[in-house]
Amino acid sequence: MDTLPRIYLSAPHMSGYEQKYIDEAFSTNWIAPLGPNVEAFERQVAEYVGVKGAVALSSGTAAIHLALKLLGVKPGDRVICSSFTFAASANPIIYEHGEPVFIDSEPESWNMSPLALERALHTLARENKLPKAAVVVDLYGQSADMDPLMELFNHYHIPVIEDAAEALGSTYKGKYCGSLADYGTFSFNGNKIITTSGGGMLVSDNLEALEKARFWATQARDKARHYQHSEIGYNYRLSNILAGIGRGQMKVIEDRIKTRRAIFDRYVEALQDIDGIEFMPEAPYGRCNRWLTTITLDPEKTGLTVNDLLNAFDDQNIEARPLWKPLHLQPVFQNYLYFSHKENESISEDLFAKGICLPSGSSMTEADQTRVIEVIRNLCKR
């Protein structure tokens with residue numbers, strides 16, 4: 001029997017526009033981590049998101065790291081961070097020898113819980129050790145409910161980094177994700193809604209701070225004829241070739257969002273009659289780019305666990321993944337503070353136990369999606 005073709009979770013999807021900018025880089029010999037494509041890509045993203053400036057970097061992780069440095073995070077400083085996210089949201093806190101304080105999700109958006117945050121800040125204020133900064137994640141392409149979160153952060157004078165790695169093109173009350181805090185960060189990793197193969201972006205209205213980030217990202221070279229360094233720097237800049245890919249990808253960002261949302265809608269239409277399957281809700285305050293379609297399974301109603309479904313997908317050569325394992329449950333972070341949504345209710349732990357990411361790439365065919373749907377429906381008939 002022939003092996004079924006692989007269906008990936010979220011494969012890169014080239015538009016055809018990218019090659020023009022790659023060819024320009026080769027023809028002009030801009031094969032370097034600087035150049036016209038980098039500058040144009042930065043302008044494109046800044047204009048699209050609605051901020052004054054951007055710095056193209058080697059990863060979204062690098063963007064968070066530089067944002068933390070700009071906010072002055074030092075060893076021993078506490079930093080608020082969403083727990084229900086990928087480790088890259090918190091790793092840079094450790095780079096600067098800070099102490100993450102993890103905050104649970106709320107059920108309405110799966111993002112940072114204002115209830116948990118309020119309790120955390122009240123507790124930390126009593127201890128006279130308020131956080132130096134915060135990292136708020138826009139999960140699976142949906143904005144966190146930023147108004148109540150920012151009200152709390154502003155009350156305690158805590159600057160905020162919006163980790164919009166998964167949320168390019170998503171909105172909150174008419175504003176684009178990445179523009180909702182002091183700094184915004186994006187990822188252009190291979191599985192994101194648009195990709196540069198590997199890359200990221202730091203955005204802000206603070207142009208002076210962005211210049212400092214650009215300086216650090218290019219090994220902190222002082223202005224001198226010789227190589228002189230008065231500060232520690234990093235090799236964090238994006239290559240001119242990869243930025244060319246990004247320029248081509250940005251031309252189709254709205255098409256990619258439209259396609260991912262259509263994929264989500266088809267899943268809903270095909271599976272909504274199955275008792276015990278629930279989809280990540282779309283909060284009423286904005287547009288989710290539906291980077292990944294995510295569901296939860298009630299094992300009592302469906303008779304299925306996450307592992308049952310993952311095993312069935314593996315048998316059919318389909319890539320799927322559990323939802324993020326909350327960071328407060330990760331061995332590397334287990335000794336740090338965590339504040340749940342309510343005293344005896346951890347939303348992120350429940351979502352991790354019951355949730356799965358379905359294949360959602362914009363290059364999926366309807367036949368691919370039908371294969372995924374049939375696996376789920378056949379399993380639910382057992």
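Let's start with the four-stranded sheet. This is a predicted model, and in it four strands form an open sheet in the order β10-β11-β14-β12. The pairing is antiparallel. Look at the edges. They are β10, residues 277–279, and β12, residues 321–322. Each of these edge strands pairs on one side only.

Now go inside that sheet. Strand β11 covers residues 293–297, and β14 covers residues 355–358. Four bridges join the two, and they run antiparallel. Find Ile295 in β11. Which residue stands opposite Ile295 in β14? Ile356 does.

Helices pack here too. Helix α11, residues 306–315, packs on the sheet and touches β11, β12 and β14. Its direction makes about 25° with that of β14. Then there is helix α9, residues 253–271. Helix α9 lies across β10, β11 and β14. It runs at about 155° to β10.

Next, the eight-stranded sheet. This one is open as well, with the order β1-β9-β8-β5-β4-β2-β3-β13. Here the pairing is mixed. The edge strands are β1, residues 53–57, and β13, residues 338–339, and each pairs on one side only.

Let's walk through some neighbours. Strand β8, residues 183–187, is joined to β9, residues 200–204, by four bridges. Those two run antiparallel. Thr185 stands opposite Leu202 in β9. Move on to β5. Three bridges join β5 to β8, and this time the strands run parallel. Glu162 stands opposite Gly184 in β8. Strands β4 and β5 also run parallel, with four bridges between them. There, Val135 stands opposite Ile161 in β5.

How does the chain get from β4 to β5? It crosses through α6, and this β-α-β crossover is right-handed.

Stay on β5 for a moment. In a regular strand the side chains alternate between the two faces of the sheet. Now check β5 itself. Val160 and Glu162 point one way, while Ile161 and Asp163 point the other way. Are these residues buried or exposed? All are buried.

On to helix α6, residues 146–155. Helix α6 lies across β2, β4 and β5, and it runs at about 175° to β4. Met146, Leu149, Met150, Leu152 and Phe153 are buried in this helix. They cover an arc of only 160° around the axis, so they sit on the same side of α6. What covers them? The list includes β2, α5, β4, β5 and β6. On the other side of α6, Glu151 and His155 are exposed. Just after the helix, His157 takes a positive phi of about 60°.

Last topic: cysteines. A disulfide is a covalent bond between the sulfur atoms of two cysteines. Now take Cys177. Its closest cysteine sulfur is in Cys288, 8.6 Å away, so that is also too far for a bond. Where do these residues sit? Cys81 has 0% relative accessibility, so Cys81 counts as buried. Cys177 is buried too, with a relative accessible area of 1%.

Note on methods:
Residues numbered from 1 in each chain as written. Predicted model: local features only at pLDDT ≥ 70, side-chain atom pairs only at ≥ 80, totals over all residues. Heavy atoms only, no water. Pairing = 2+ DSSP bridges. Contact = heavy atoms within 4.5 Å. Axes fitted to C-alpha atoms, helices over the stretch in contact; angles between N-to-C directions. Buried < 20%, exposed > 50% of the residue type's maximum accessible area, 1.4 Å probe, protein only. Disulfide = S-S within 2.5 Å. Arc of directions from axis to C-beta. Right-handed = clockwise from strand over helix to strand, strands pointing away.
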